[in-house]
Amino acid sequence: MTQARQIAERLLDAQVDFLLAEVTGDRFAEVIARDVAAVLAVGDTIRFGDVVSLADGEETVDRVIDRIGGSPVLADTVGMFSDAIYDHIAANTEYTLGDVVDREPVEALLEKIFGMHQAQERILDRLTESPLVATVASRFVDKLIGDFMQANRERAEKIPGVSSLMSLGQSAASRAKKAAADSTFVGDLAGKGALFALKRTNNAIRDMLRDAPVHSAAMEFWDLHADEPVAGLREYLTQKDLNELVQICYEIAVTTREKEYFGLLVRECVEVFYTRYSDHTLSSMLPELGLGAEDISTEILRYGPAVIESAKRNGVLAALIRERLEPFFYSEQVLGILGEE
């Protein structure tokens, strides 16, 4: 058995050398092309629904969202990404906004938004249910009227004798305002006035969205910016603003994914995907994802050689291969075969 073990050791060394050669130089590209083709050939005989159950798919997606979505890597880099993007935007004058975003989809998006009358009606109706929003609308209307009166007063003061009359009217208005604050009845009227102001404001918004050329005005606004450098976006917010906005959005995403309802939405999406593709073979799903055998081989060859060469230099790869094969070559069955005369 000693001789058999020596032969086994030599065979093990030969096997390790052979496998190392398989991942070296041009041979590695040939091996990858061969193995990818073999894997896809096998995948063409296996249905997605036969190897992935709906429950397994839901669990996998849940785990990815839970682990990766809240990973320290994202938490650490989201702010750095926003800063890097802002720095690039601030310095980039080579591209215009129109170079980055095509006009056609922007126009289609705005047309769709302004054409969503049902959503607009629902939002405006719900706004009338908020006393605070009604108060804001009332103050908005008061501001418009106040500015209009102030402009007229400035004009009237230029006329002799009118200034005193305007002051008298303003004093009377102030006393009436104070009385309104002290009177429940007048306060109720003020509340109704706020609601009336909100409804008037809503009607104005509704008419503007439906009748006014809002879409054309929005596209005109886009066209004014489309030919400007991307760096011009920096004028709309500071680096701190962008960083804080990104952090807030990230926090919303992280906290939302922990909610039970979000899990229900994810599982529903998984179920739809499973129903759609359960009868597809594993290989036939790749074209649906825009991938082919050449794409897979290219990406493996993009990163694989550097990793393998590094593992070969420090002896880790050879040790791993030997560790996997050694139990076979030193097994009683192989040693018995090698010891036969």
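A residue lines a cavity if one of its atoms is within 4 Å of a cavity point, a cavity being a set of points where a 1.4 Å probe fits but cannot get out. By that rule His117, Gln120, Glu121, Leu124, Arg206, Leu209 and Arg210 line the second largest cavity. The model described here is predicted.

**Cavities**

The structure holds two cavities of 30 Å³ or more. Helix 8 (117-127) and helix 11 (184-211) each supply at least two residues of its lining, and helix 8 gives the most, with four residues. Sorted by class, the lining of the second largest cavity has two nonpolar, two polar and three charged residues.

The largest cavity has a volume of about 40 Å³. Its lining is made up of Leu97, His225, Glu228, Pro229, Gly232, Leu233 and Tyr236. By class, four residues in the lining of the largest cavity are nonpolar, two are polar and one is charged.

One of the residues lining the largest cavity is His225. His225 belongs to helix 12 (residues 214-226). His225 counts as buried, at 16% relative accessibility, because the cut-off for buried is under 20%. Leaving aside residues up to four places away in sequence, His225 touches Leu97 and Tyr236. Leu97 and Tyr236 are also among the lining residues of the largest cavity.

**Aromatic rings**

A pair of aromatic rings is described by the distance of the centres and the angle of the planes. Four aromatic pairs are found in a search of the whole structure. Two of them are set out below.

| Ring pair | Distance of centres | Angle of planes | Geometry |
|---|---|---|---|
| Phe48 and Phe273 | 6.0 Å | 90° | edge-to-face |
| Phe328 and Phe329 | 5.2 Å | 75° | edge-to-face |

Phe48 and Phe273 are classed as edge-to-face because their planes stand at 90°, and the cut-off for that class is over 60 degrees. Phe48 lies in helix 3 (residues 48-51) and Phe273 in helix 14 (residues 260-277), so this pair ties together parts that are 225 residues apart in sequence. Phe48 is buried, with a relative accessible area of 12%, whereas Phe273 is partly exposed, with a relative accessible area of 36%.

The planes of Phe328 and Phe329 are at 75°, so this pair is edge-to-face. Phe328 is exposed, with a relative accessible area of 52%, while Phe329 is buried, with a relative accessible area of 8%.

Phe48 and Phe273 also belong to a cluster, in which ring pairs link Phe48, Phe273, Tyr274 and Tyr277.

**Charges over rings**

Tyr277, a member of that cluster, has the charged end of Arg276 over its ring, 4.8 Å from the ring centre. Elsewhere, the charged end of Arg5 sits over the ring of Tyr330, 4.1 Å from the centre of that ring.

**Ala293**

Where is Ala293 placed? Ala293 is in helix 16 (residues 293-313). Ala293 is partly exposed, with a relative accessible area of 35%. Between Ala293 and Ala33 there are 260 residues of separation in sequence and 8.0 Å in space, C-alpha to C-alpha. Ala293 touches Val36 and Leu40, again not counting residues up to four places away in sequence.

Terms used
Residues are numbered from 1 along each chain as its sequence is written. This is a predicted model: local features need pLDDT of at least 70, side-chain atom pairs count only at pLDDT 80 or more; totals for chains, interfaces and linings use all residues. Side-chain values use heavy atoms; hydrogens and water are left out. Rings of Phe, Tyr and Trp (its six-membered ring) pair if their centres lie within 6.5 Å; planes under 30 degrees apart count as stacked, over 60 as edge-to-face and the rest as tilted. Buried means under 20% relative accessible area, exposed over 50%, partly exposed in between (1.4 Å probe, protein chains only). A charge sits over a ring if NZ of Lys or CZ of Arg is within 6 Å of the ring centre and within 35 degrees of the ring normal. On a 1 Å grid over the protein atoms alone, a cavity is a set of points where a 1.4 Å probe fits but cannot get out, and a pocket is an open set with protein on both sides within 12 Å along at least five of seven lines; lining residues have an atom within 4 Å of a point. Grid points are joined across faces, edges and corners, and a volume is the space filled by probe spheres set on the points. Ala, Val, Leu, Ile, Met, Phe, Trp, Tyr, Cys and Pro count as nonpolar, Asp, Glu, Lys and Arg as charged, and the others, Gly among them, as polar. Contact means heavy atoms within 4.5 Å.
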